[in-house]
Amino acid sequence: MMREWWVQVGLLAVPLLAAYLHIPPPQLSPALHSWKSSGKFFTYKGLRIFYQDSVGVVGSPEIVVLLHGFPTSSYDWYKIWEGLTLRFHRVIALDFLGFGFSDKPRPHHYSIFEQASIVEALLRHLGLQNRRINLLSHDYGDIVAQELLYRFKQNRSGRLTIKSLCLSNGGIFPETHRPLLLQKLLKDGGMLSPILTRLMNFFVFSRGLTPVFGPYTRPSESELWDMWAGIRNNDGNLVIDSLLQYINQRKKFRRRWVGALASVTIPIHFIYGPLDPVNPYPEFLELYRKTLPRSTVSILDDHISHYPQLEDPMGFLNAYMGFINSF
C-alpha cells in the first residue's frame, strides 16, 4: 500500500516538475500578432516599453491616453480603439512594465510610482509633454492615474497636464477592494510565491479570471488565450507576485492617492460595471460618491462586471463619449 502511494506521488510529480521547469509560451493569435506589429517600443531606463499610438480625427487637438488593468495589457482596449479614433486626434496606450509586450525584469521592485513615470516618459518621447491629456483608465491603471493626478496637482515640472480623468472598475479604495484568492496567495505567499507563479498555467489562470466577468459576457476560449499569451510573453507569469505588491502600496499610500482624487478640480467620471466582485456594489459606489461628490458616474447594465470595456464596448464607449462631450 505504501509503495503504491509513492508511485502515485511520483507519477503526479513528473508532469508537475516538467511544468515547473518550462512550458513554452503560447503562439500569438493573428489578432494579437497584428496588435503587436502595429505598435512600437520606446526605452525607459534601459527597459523596452510597448505602446500603441494611433492618429485619429484630423483637426481635433484632443489626446486620450489609456491605462490598462492587472494582469492584462493595452490589448484590453482593442474593442473601443476604433471608436476612440473617431473622436480623438491621438489615441495612445502602453503596456506597463511587467505586462503584455513590455519588458518584465526580475528581480525588480515594481511600483505604481515607476509606472506613472513611464507614462510621463512616453509622452515626452512622443513630444506631447506640454499638451493637455485626457486619461482613461481601468483597474490597476486607475491607481497609476491617481499618482499622475497627484503629481499634476503638485504642479511639478515634467508632469502631465491632465484635462480630464475617467476611471473604471478599479480598486481606488483599499477598504472596498476584494482581491481574488489567487491574488492574495501570490501577493503574500513569501517562499511559496515563486513556486505558485511557475505552476500557474492556462487552466489556473482562466479559472481565476473568468469569475470577474459577468455571466453573459465571459471571454471566449480564444480571448482568454490572448490574455494568457500576453502574460506568458517574456515569462511574465514569473513577475506576477512582484506586480501584485501594488495592493500593499495602495494601502500604504491611500491618503496620497485618494486625497488626489478627492481634491480634484478637473472633470472626472467613473464608468462602473456593477456586478464587479472585486469592487462590489453598492459599497464601492457609496464610498465613491461620498468621497468624490463632484464626479459624474455611468452605471452600465446589471450583468456587466469588472471588465466593462471588453464586456460592453458600446455601452462603455457611449458612457465615455457622453462624459467627454459634456465639458
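Buried means under 20% relative accessible area, exposed means over 50%, and partly exposed is in between, using a 1.4 Å probe and protein chains only. Keep that handy for the exercises.

This is a predicted model, where local features need pLDDT of at least 70 and side-chain atom pairs count only at pLDDT 80 or more, while totals for chains, interfaces and linings use all residues. Residues are numbered from 1 along each chain as its sequence is written, and side-chain values use heavy atoms, with hydrogens and water left out.

**Exercise 1. Classify Lys187 as buried or exposed, then find its salt-bridge partner.**

Step 1: Lys187 has a relative accessible area of 12%, so it goes down as buried.

Step 2: A salt bridge here is a side-chain nitrogen of Lys or Arg within 4 Å of a carboxyl oxygen of Asp or Glu. Lys187 pairs up with Asp188, with 2.9 Å between the closest N and O atoms.

**Exercise 2. Work out which parts of the chain the Glu62 and Lys163 pair links.**

Step 1: The two side chains, Glu62 and Lys163, meet in a salt bridge at 2.6 Å, N to O.

Step 2: Glu62 sits in the loop between strand E2 (47-55) and strand E3 (63-67), and Lys163 is in strand E6 (residues 161-168), so to speak 101 residues apart. Helices (H or I, at least four residues) and strands (E, at least two) are DSSP runs, numbered from the N terminus.

Step 3: Check burial: Glu62 and Lys163 are both buried.

**Exercise 3. Count the salt bridges and name the residues linked in a network.**

Step 1: The count comes to 10 salt bridges.

Step 2: The network links Glu120, Glu147, Arg151, Arg159 and Arg256.

**Exercise 4. Say which helices each supply at least two residues of the lining of the largest cavity.**

Step 1: Go to helix H6 (181-187) and helix H8 (202-209), which each supply at least two lining residues.

Step 2: Sort the lining by class: 15 nonpolar (Ala, Val, Leu, Ile, Met, Phe, Trp, Tyr, Cys and Pro), 4 polar (the others, Gly among them) and 1 charged (Asp, Glu, Lys and Arg).
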